Amino acid sequence: MIYLDNAATTFPKPEIVYKTMDTFYRTLGANPGRSGHRMAVAAEKEIEDTRIVVARLFGIKDSMRLILTFNATDAINMGIKGLLKPGDHAITTFLEHNAVSRSLHGLEKRGIITITKVRNSPDGFINPVDIKKAITSKTRLIVMAHAPNVLGTIQPIRDVGRIAREDNCIFMVDAAQTAGVCEIDVNECFIDMIAFTGHKGPLGPTGTGGLYVGERLTLDPWREGGTGFEAASLTQPEELPFKLESGTPNTVGIAGLRAGIEFVLSKRISTIRAHEQHLTSKLMQAFQHDQRFTLYGTTDITKKVGILSMNVKGFKPQEVGGILDQTFNIAVRPGLHCAPFAHQMIGTFPDGTIRISPGCFNTEDDIDQLITALTKIADEKI
Ligand SMILES: Cc1ncc(COP(=O)(O)O)c(C=O)c1O
């Protein structure tokens, strides 16, 4: 199968990820714990080594402020629900994934917070000035994707971060689509919290992710339980990361995550991104001026990651996705991509688009085959 659904999860993983996980689970598959036996201590060390590697990915100085989570959704919920208090106001955008939108709307529905959602330009960008205008005396949080998953458009997070800092708001970035494919420095971009998932750009397995918690905030835990020490205490320990990390961690996944990130860093983030952009650009060029296809979001490849949302005139995205899968053996993602408001913004609600997302292991030939297949579908030659 030609796999072009890397925005959902990257596939395949680098060989070293499979090997590391296999070796780890066969030799160090104990429950980590600092006061335990040698295997438990070794498993704990693997976690701490991974924390350091992840911290490197985002320019985080203190790796203990990096909470390892089970995915980006877990991290986003941890950040939003751990921070916001009754009466707070949060600013977000219409481009967000449901991990952000539903977390906020759930709190709003329960009367806990109020929300303002900022609109994007037709080509898929948020204007920082609009964020600034939305700030009130009650605004505690500004939360947005670095690159929303429907359009892949890279947002001006540095400018928004500066505004948040000036106005004393907490700035949270959802880096689910950019971790591992864009250089990100939490300090340069004034980021207080960054959430990421391990199974996309970092090339790790599912069940991994993380949340950076900056020094300007404290979070209440939304999951409480065993931390492997201070068991007699009635409440969670206050120190990070333990305050926010209870329960048995996904150690085998964490080992795989480290291997994935080390692979990314050795290949260089900029090289991987350039490859994915090149393939996406080739695809855009093939269809950009062809009336039978509609492309959404900017076609300036320097302003987006390797994600293209498009439609074939006369076909529903689900039909196109089905034909690509069944007839051409090509995997793409049709539908709403867990981001209904983004589709409302670009006029593709409720059917959505087909989303094509090349990854670091795709080739020019994969894209040529997709172009041929989509052209045949548009010509109804199937
Ligand atoms: C922008 C964005 N945020 C959050 C998520 C949630 O990631 P996960 O399902 O790994 O929690 C995704 C997943 O597609 C995403 O694209």
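Start by selecting Ile142 and showing what packs against it. Leaving aside residues up to four places away in sequence, Ile142 touches Ile91, Ile131, Ile135, Val160, Ala164, Cys169, Ile170, Phe171 and Met172. Keep in mind as you click around that this is a predicted model.

Now widen the selection to the largest nonpolar core, which has 56 residues. Which of its residues touch the most other members? Colour Phe58, Ile142, Phe171, Ile191 and Ile194, and you have them. There is also a second, separate core of 28 residues; to find it, pick Met78, Leu104, Leu240 and Leu244, which are among its members. As background, nonpolar side chains in soluble globular proteins tend to be buried together.

Next stop: the ligand. Where does the ligand sit? The space it takes is the largest pocket.

- Asp174: a polar side-chain atom lies 2.6 Å from a nitrogen atom of the ligand.
- Gln177: here a polar side-chain atom is 2.8 Å from an oxygen atom of the ligand.
- Ala72: a polar backbone atom is 3.2 Å from an oxygen atom of the ligand.

On its own the ligand would expose 390 Å², and the protein buries 88% of that.

Terms used:
Residues are numbered from 1 along each chain as its sequence is written. This is a predicted model: local features need pLDDT of at least 70, side-chain atom pairs count only at pLDDT 80 or more; totals for chains, interfaces and linings use all residues. Side-chain values use heavy atoms; hydrogens and water are left out. A nonpolar core is a set of buried Ala, Val, Leu, Ile, Met, Phe, Trp, Tyr and Cys residues joined through side-chain atoms within 4.5 Å. Buried means under 20% relative accessible area, exposed over 50%, partly exposed in between (1.4 Å probe, protein chains only). Contact means heavy atoms within 4.5 Å. A polar contact is a pair of N or O atoms within 3.5 Å; within protein, one must be able to donate a hydrogen and the other to accept it, and residues adjacent in sequence count only if both atoms are side-chain atoms. Accessible areas come from the Shrake-Rupley method with a 1.4 Å probe; for residues, only the protein chains shown count as cover. On a 1 Å grid over the protein atoms alone, a cavity is a set of points where a 1.4 Å probe fits but cannot get out, and a pocket is an open set with protein on both sides within 12 Å along at least five of seven lines; lining residues have an atom within 4 Å of a point. A molecule sits in a cavity or pocket if more than half of its atoms lie within 2 Å of its grid points.
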